[in-house]
Amino acid sequence: MTIQALAEKTSAFISAQYALKGIPPAQLRMEASLTRELNRLFKNAMDTLVRQVREGGIPADRTVLISKMQTIQAQVCDIVFGRVKSAGRQGIKTGVRDLTRAGLPAKELTLSSVAVDAMRQRVLIASADTMKRMMGKVEQTLAEVVKQGLTYDQAAKVIEKDFINMRTYELRRLARTEIHGAMSSLRHDTIRDAGVFEQWITCEDADVRDSHVELHGQITRAGDPFSNGLRYPGDSSGDPAEFINCRCSSVPFIMPPDKMAPAGMSYFYESDLVDRPKAELKVLKGGKA
Ligand SMILES: [Zn+2]
């Protein structure tokens, strides 16, 4: 392929990426399906607790009620881990697809045991954190209900409503963060292994957090950190405020042949690109001006 053709194909590809402006449908499907499955599991556990309160009130030792809910922690972890592995594989696929569309050779990574172990660790921590927060809120609700001196039935109703709100928020957050993290991480590895630049893309809607609005279109040499310290959207080695609930994506950025990265900048935008010296261009074109 000539350099001109590659440049045209590249810019068409980048425009197409911007036009997508959103979350890959496969990611949304995986998030929704995991959220549903976790909700089913929690609904069962929480319904049992509410029924116990309705029938017998809140015992003096509230840990009896709470500890029963804790028994689902291992199941939560297993469910999330299974889905996260599929999301990782999907991340490799989208990375390969994007590189191929850009006319670059792409290698399909296999999920190494190191990568799988890292995923398992991440899921263990995230599930434990979520359970801890949810149990804390359950404890808080039970304590408040006791203080209010409600009847068994009234108490059960208050608790039920509180649990549904918490469940909806917490489980969506867990599913979104973990599916997104796994997909982004493996897509990033695929892009990085191709030795190209990586560009941060947001959904460009009102829900994008302020700190990510300015990241839209930012470019790094894949593997280097973006301006927020993350190497890719969803990078869990960074600040949780930067990756929890994130929906941003990244795509390979192919340098136009007549441009180059600005010297001394580890992250930059397309508007920062500098013209490649003419002498170098001649070499690139095989000496023909
Ligand atoms: Zn984001």
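This is a predicted model: local features need pLDDT of at least 70, side-chain atom pairs count only at pLDDT 80 or more; totals for chains, interfaces and linings use all residues.
The expected span of a helix is 1.5 Å times one less than its number of residues.

**View 1. Helix α4 from end to end.** Helix α4 covers residues 73-101. Its 29 residues reach 41 Å from the first C-alpha to the last, close to the 42 Å expected. Look just past the end of α4 for G103, which takes a positive phi of about 80 degrees. As for confidence, the chain averages a pLDDT of 88, and 89% of the residues score at least 70. Among the elements, strand β5 (residues 267-268) has the highest mean pLDDT, 97, while helix α1 (residues 3-20) has the lowest, 54.

**View 2. Helix α4 against helix α6.** Here α4 packs with α6 (residues 152-193), the axes lying 7 Å apart at an angle of about 40 degrees. The two helices are therefore oblique to each other, and their crossing is right-handed. On the α4 side, the residues that meet α6 include V80, V84, A87, G91, G95 and L99. Their counterparts in α6 include L174, I179, A182, M183, L186 and I191. By class, the contact of α4 with α6 divides into 12 nonpolar, 8 polar and 3 charged residues.

**View 3. Helix α4 against helix α5.** Helix α5 (residues 113-148) packs with α4 at an angle of about 135 degrees, with the axes 9 Å apart. This pair, too, is therefore oblique, with a right-handed crossing. From α4 come Q73, V76, C77, V80, F81, V84, K85 and G88. They are joined in the contact by A115, V116, M119, R120, V123, L124, S127 and M131 of α5. The contact of α4 with α5 holds 11 nonpolar, 3 polar and 2 charged residues.

**View 4. Helix α4 against helix α2.** The axes of α4 and α2 (residues 25-56) come within 11 Å and cross at roughly 170 degrees. Angles over 145 degrees count as roughly antiparallel, so α2 is roughly antiparallel to α4. Helix α2 contributes A26, M30, L34, E37, L38 and L41 to the contact. Facing them in α4 are Q75, V76, I79, V80, R83, S86, A87 and Q90. Sorted by class, the contact of α2 with α4 has 9 nonpolar, 3 polar and 2 charged residues.

Methods: Residues are numbered from 1 along each chain as its sequence is written. Axes are lines fitted to C-alpha atoms, for helices over the stretch in contact, and angles run from 0 to 180 degrees between N-to-C directions. Helices (H or I, at least four residues) and strands (E, at least two) are DSSP runs, numbered from the N terminus. Angles under 35 degrees count as roughly parallel, over 145 as roughly antiparallel, 65 to 115 as roughly perpendicular and the rest as oblique. A crossing is left-handed if the near helix is turned anticlockwise from the far one by less than a right angle, and right-handed if clockwise. Two residues are in contact if their C-beta atoms, placed from the backbone, lie within 7 Å. Ala, Val, Leu, Ile, Met, Phe, Trp, Tyr, Cys and Pro count as nonpolar, Asp, Glu, Lys and Arg as charged, and the others, Gly among them, as polar. pLDDT is the predictor's confidence in each residue, from 0 to 100.
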